[in-house]
Amino acid sequence: METIRIQDDLYTYVNQKTLDELEIPDDKPAAGGFSKLADSVEKIMMDEFAVMSENKAYPNEHLARACELYAIAKDADRKEKHGITPALKNLAVLDDIHTLEDVSRLYKTLSLKGISTPINIGVETDMKNTKRHLVYIQGAGVILPDASYYKPEMAAQKEQILGIWTNVAKMVMSKTDLSAEDQEKYVADALAYDEIIGGLAKTSEEWAKYIEMYNPMDEAEVAAMLKPIDFDLILNDLFGHVPATVVVAEPRYFGAFAKIVNEENLALYKHWAYVTSLLSACTYLSEELRDMGGMYMRAITGVAKMQSIEKFAYNLAGGMYSDPVGIYYGDKYFGEAAKKDITEIVYQIIDTYKKRITTNEILGEATKEKAILKLSTMGVKMGYPDKARPIYEKLVFNPEDSLFDIVLSLKAIRELDVLSKLDKPTEPENWAMPGHMVNACYDPFVNDITFPAAILQPPFYSLQQTRSENLGGIGAVIGHEISHAFDSNGAKCDENGNINDWWTAEDFERFETKVKQMIEQFDGIELPWGKVNGAFIVSENMADNGGMSVTLDIMSGMEGASYEEYFTNWAKVWCQKARPEYAQMLLSVDVHGPCILRANMPPRNFSEWYAAYDVKETDQMYIAPEKRIVIW
């Protein structure tokens, strides 16, 4: 067996033994890294749910409801008794649509019933005034994993994947009361309608430039664009009035809306809505239908079998009651000593970032002051929130209903709650992630970072790990999230989260040069499962670069710093074994780069890497000094 040198491949050198031993569970597309921690939290909380349910002892009414939903969702006999009937009853509303006027009149009903519509209407923060909300509209989703699959160069993959979807759709449709002829027609029409949408929908690469979603327009102008749909009627139904401004997230889609919605293709729409909504509903029907409905996604991610009924039930309940479940997990499993220590690391990183900004070569003095202000006002959410949001008081259901109807009712409560926020101020105190989620994020429209309790464990973080290891793990991830404040998207928002041009033209030009260099560093890298799109993943790569630069700076002034421990733990964090189908799909839909590149590319830009392992020009982990990129 070939010996891997760390100077040639940090990722494999550090993780080879783990990768050899890792087995991907039959119900998962990947193992290791984040998923290993998520599995651990899942097991802990499933055990907690079991104990609470057995003892009929619940810390609060929210967790009592979560456990009740958990019990209902894992009752296979009960779901079998209801079968497909709840979904078919729900879809009967489509029989009331005979004209486009009916689509407008029934839009709110369709939306609350979870039935696919050609317009998706929501309420989000106004990106230019983050203290208030605006109405946002976007188009329908596509059947394929991403709209990029509809491009001519993806024709072979498109045909293959749509073939899988068609087989699954026909299997599910055979369980309905439609004739065999109608089943065939509905599926064919759904594919025909999807083809129209696919040519107009945004790709994941386009969505990744999230600032470009912000296209506010006068409502009257949007209403004219959406004719023959009666947009005023829809807005009145949803909000009780017609808002003055609407943000159009997908201008291309809505600019061609007459191709998507017209009297001639009304039948196509109805049949597409029926098939796609039924497939979505399968998750909450019988076990046979849950299995069938999941076949498409399992096939394109290489997963062998569906999730166990117990895991499915827990994830449903844990997601629907995420705040209370996360608070319970954080309160019990995340100690005050760890919270104090990790908070110290966060503020050390922020302070170091400020110091680095003062000597940064991209920014002029005026822009530096604004950047430091943004860091000084950045919010920090560590562990879990103090209390659940008021919405959880409303999430009450009738336990006698079918699981499908229960989930539908809870989702409708959530949707109505979001719509009710239009004329209310925003709530920046809300957490973007619950305490039991293994993840972290930066919110550009709040200017804060969130680190749930669940990610604050090995290999990312532990009081038992050295400070060097913690800086190479959670420290670099904290630095990563902070760096999103200054990535190709976040750089366009100010300290209050508002889209605001706070850079001088010269500074931004120098910054854009760095962005292009970062795109070029990754673009076109060939991996066994496909080619990397550097533009698509540039924001995350910039954040990885920033996370490493700021933590290496801390290491330089730290007594007893071990760069070997730092780089080793950095590589451990990204250890993952993924199914080839899943890895291939991620190249099109995930703004993060493949794990092997996240481990191996950033270190090459820093002199500390070369010094730690005596990396020379002849080594594969070498980049010439003039090609190394350090942005922050």
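1. Which residue forms a salt bridge with Glu-184? The partner is Lys-170, and the closest N and O atoms of the two are 3.5 Å apart, a salt bridge being a side-chain nitrogen of Lys or Arg within 4 Å of a carboxyl oxygen of Asp or Glu. The pair links distant parts of the chain, with Glu-184 in helix H9 (residues 180–198) and Lys-170 in helix H8 (residues 155–173), 14 residues apart. Helices (H or I, at least four residues) and strands (E, at least two) are DSSP runs, numbered from the N terminus.

2. A word on the basis of this note: the model is predicted, and local features need pLDDT of at least 70 while side-chain atom pairs count only at pLDDT 80 or more, although totals for chains, interfaces and linings use all residues. Residues are numbered from 1 along each chain as its sequence is written, and side-chain values use heavy atoms, with hydrogens and water left out.

3. Both members of the opening pair are partly exposed, Glu-184 at 43% relative accessibility and Lys-170 at 33%. In this note, buried means under 20% relative accessible area, exposed means over 50%, and partly exposed lies in between (1.4 Å probe, protein chains only).

4. A search of the whole structure finds 33 salt bridges. One of them joins Asp-39 to Lys-28, with the closest N and O atoms 2.9 Å apart. Asp-39 lies in helix H2 (residues 33–55) and Lys-28 in the loop between helix H1 (10–21) and strand E1 (30–31), so the pair ties together parts that are eleven residues apart in sequence. Asp-39 is partly exposed, with a relative accessible area of 25%, whereas Lys-28 counts as buried at 15% relative accessibility.

5. Another salt bridge is formed by Glu-206 and Arg-252, whose closest N and O atoms are 2.9 Å apart. Because Glu-206 lies in helix H10 (residues 204–208) and Arg-252 in helix H13 (residues 251–255), this pair ties together parts that are 46 residues apart in sequence. Glu-206 is partly exposed at 27% relative accessibility, and Arg-252 is partly exposed at 38%. Elsewhere, Lys-394, Asp-417, Lys-421 and Glu-427 are linked in a network of salt bridges.

6. The surface also carries a patch of negative charge, in which Glu-101, Asp-230, Asp-232, Glu-263 and Glu-264 gather. Patches are made of residues with over 30% relative accessible area and no salt bridge, like charges being joined within 9 Å and nonpolar side chains (Val, Leu, Ile, Met, Phe, Trp, Tyr) within 5 Å.

7. The buried residues of H18 are Ile-309, Phe-312, Ala-313, Tyr-314, Leu-316, Ala-317, Gly-318 and Met-320. An α-helix has 3.6 residues a turn, so residues three or four places apart point the same way.

8. Ala-485 lies in the loop between helix H24 (467–483) and helix H25 (505–522), and it is buried, with a relative accessible area of 0%. The C-alpha atoms of Ala-485 and Leu-375 are separated by 8.4 Å, while the two residues are 110 residues apart along the chain.

9. Backbone geometry deserves a separate point: most residues other than glycine have a negative phi, and most peptide bonds are trans. A cis peptide bond joins Lys-227 and Pro-228, with omega about 15°, and Pro-228 has its place in the loop between helix H11 (219–226) and helix H12 (231–239). The peptide bond from Pro-458 to Pro-459 is also cis, with omega near 0°, and Pro-459 is in the loop between strand E8 (448–452) and H24.

10. Two residues may be checked for positive phi. Asn-447, with phi near 60°, is found in the loop between strand E7 (441–443) and E8 and counts as buried at 1% relative accessibility. Asp-614, with a positive phi of about 50° although it is not a glycine, is in the segment after helix H30 (607–613) and counts as partly exposed at 48% relative accessibility.

Notes: Accessible areas come from the Shrake-Rupley method with a 1.4 Å probe; for residues, only the protein chains shown count as cover. Lys and Arg count as positive and Asp and Glu as negative; His and the chain ends are not counted. The place of a charge is taken as NZ of Lys, CZ of Arg, CG of Asp or CD of Glu.
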